[in-house]
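Please consult the sequence and the three-dimensional view alongside the text.

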Amino acid sequence: HDRIVEAPVREHAFDDRRHQAHVVLGRRAQLLVVGIDREIAPAHELLGRLLVERAHLLAQSGGKEERDYVRGVAERLSREAATEFDAATRLAGEPPTEFVSLVAKAFRAMAARKESVALAFARKGIQLDPSRRGVEDLYWIVGAATKGDESVAAFSMALEIRPLHAVALVSRGVATRTGSMAAKLADYDRALSLAPDFERARYHRALARAASGARESALEDLGEALRVRDDYAFTWVMRGSCRRQMGAILPAIEDLRRAIHLEPRVAVFRTTLSGALSILGRDDEAQAALDRAAELDPTSPSLQVALGGPLYRAGSYAAALGHFDAALAVDPEMASALHVRALAREKLGDAAGCRADIDKAIALGNSSSWYVRARIRAKAGDLPGALEDLEGSMNVDADNLDAWSLRAGIRQKRGDEAGAIADLERLLDLAPADWSRRPEIEDRLAQLDRLKRKHG
């Protein structure tokens, strides 16, 4: 109770509770923060800010289908925040200074989802006094209301003033470009060192780790996120997807069914389940899941990618391209759709379109695209560029047999016989005993070994 009352004067003393409150938002937070005494205006104000921050972090989640899923939750949180701000105004009356008034107005505009208005109030408050305590919250507003480099810079300013701002750390991590994965992970690591139960930090770090190929670590984070909050369906889907990529298909199916139990009307969950069932040869169940997804949302980007996949594998590249185009018409930044459309365009002879799609997919964090671009560059004679992309591919997936084979070929062309031999030996170590290409690779290795001995 004392710490709540003193929060406006000694805000740093409230930081640890501030992060904890993100874990217990909702009814339990009202019990902890406001339920002590409903006549304390600062408690209502702080809870309103927490709700705004939570709504922003949810709204920044994943791809379009996940953002659509959380939009309703984020809007509800914003409405709850507005109610808390109204209570704070009723109890406290007019703010004591112009600066405090601008902070309150900025957060209340964010609660009303009027980001341009919030941005104007925040910038005016920063101009009044860019270094005073409390201005970090205005920098956070600027970061939340903008995008790209401007957003990252604003969150960085908030962190210069208050380094222990876990919410700003996660916000900056989400806003940082996918290519700066080390910077994203550093922000999530720091946030979790401050608040180990910060579920949004766990979730976003899991996404970043999975994109970097660290799936075991991603699974650990997802397990912790589910321990703290097990009702966010996309966490179950993310864990199911990680498990599927690691070959644990049955546990993946269990996770995906749990997500569907939580949210039975979300199409992407069923298309993901369909893919896992197909791996096990349970084709009737897979088709039923796909059919249900089509009933729920025929325009779902994930559904369109799932429908185009079998057509591509059957050699119907133009028909597959139609589905991939449909997916990207709904979600132009769906990295997996850009990746498969690049492959279809390559098969149809559209080299420029293929390269444009694969470049964008890499920029959006699709790790599988590194190998494809390496192959395209090698084919075009850009061997140094191909080697750079292969390094990116292998950093994410060190067991990609095709990547090891391609790099061995490039190294051989560049006269690096020792490097080529090392790659082929590693390839044979990784490959299963019954791999169909094993005789071919063994023959290549023998030829290289003879060549190396011949050259001394």
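Predicted model: local features only at pLDDT ≥ 70, side-chain atom pairs only at ≥ 80, totals over all residues.

Residues are numbered from 1 along each chain as its sequence is written, and side-chain values use heavy atoms, with hydrogens and water left out.

**The chain as a whole**

The protein chain has 26 helices and zero strands. Helices (H or I, at least four residues) and strands (E, at least two) are DSSP runs, numbered from the N terminus. Of its 456 residues, 50% count as buried, where buried means under 20% relative accessible area, exposed over 50%, and partly exposed in between (1.4 Å probe, protein chains only). Among contacts (heavy atoms within 4.5 Å) with a separation of 6 or more, 54% join residues 24 or more positions apart.

Helix α6 covers residues 98–111, and its 14 residues should span 20 Å at 1.5 Å a residue; the end C-alpha atoms are 20 Å apart, which agrees. The expected span is 1.5 Å times one less than the number of residues. Helix α6 is mostly covered, with ten of its 14 residues buried. Among them are Phe 99, Leu 102, Val 103, Phe 107 and Met 110. The elements that cover these buried residues include α4 (41–59), α5 (64–92), α7 (115–128) and α8 (135–145).

Just after α6 comes Arg 113, with a positive phi of about 60 degrees. This is a positive value in a residue other than glycine. Arg 113 lies in the loop between α6 and α7.

Helix α9 (residues 148–161) also has 14 residues, and reaches 21 Å from its first C-alpha to its last, close to the 20 Å expected. Its buried residues are Ser 151, Ala 154, Phe 155, Ser 156, Ala 158 and Leu 159. What covers them includes α4, α8 and α10.

**Three residues and their accessibility**

The table gives the relative accessible area of three residues.

| Residue | Relative accessible area | Class |
|---|---|---|
| Val 167 | 0% | buried |
| Val 330 | 29% | partly exposed |
| Arg 113 | 45% | partly exposed |

Val 167 belongs to helix α10 (residues 166–175).

Val 330 is found in helix α19 (residues 317–330). Apart from neighbours within four places in sequence, Val 330 is in contact with Lys 64, Thr 299 and Pro 301.

**The pairing of α20 and α21**

The axes of helix α20 (residues 335–347) and helix α21 (residues 351–363) come within 8 Å and cross at roughly 160 degrees. The two helices are therefore roughly antiparallel, a class for angles over 145 degrees. Axes are lines fitted to C-alpha atoms, for helices over the stretch in contact, and angles run from 0 to 180 degrees between N-to-C directions.

Residues of α20 in this contact include Leu 338, His 339 and Arg 341, and those of α21 include Cys 354, Asp 357 and Ile 358. The residues of the contact divide into six nonpolar, two polar and five charged. Here Ala, Val, Leu, Ile, Met, Phe, Trp, Tyr, Cys and Pro count as nonpolar, Asp, Glu, Lys and Arg as charged, and the others, Gly among them, as polar.

Notes: Parallel < 35°, antiparallel > 145°, perpendicular 65-115°, else oblique.
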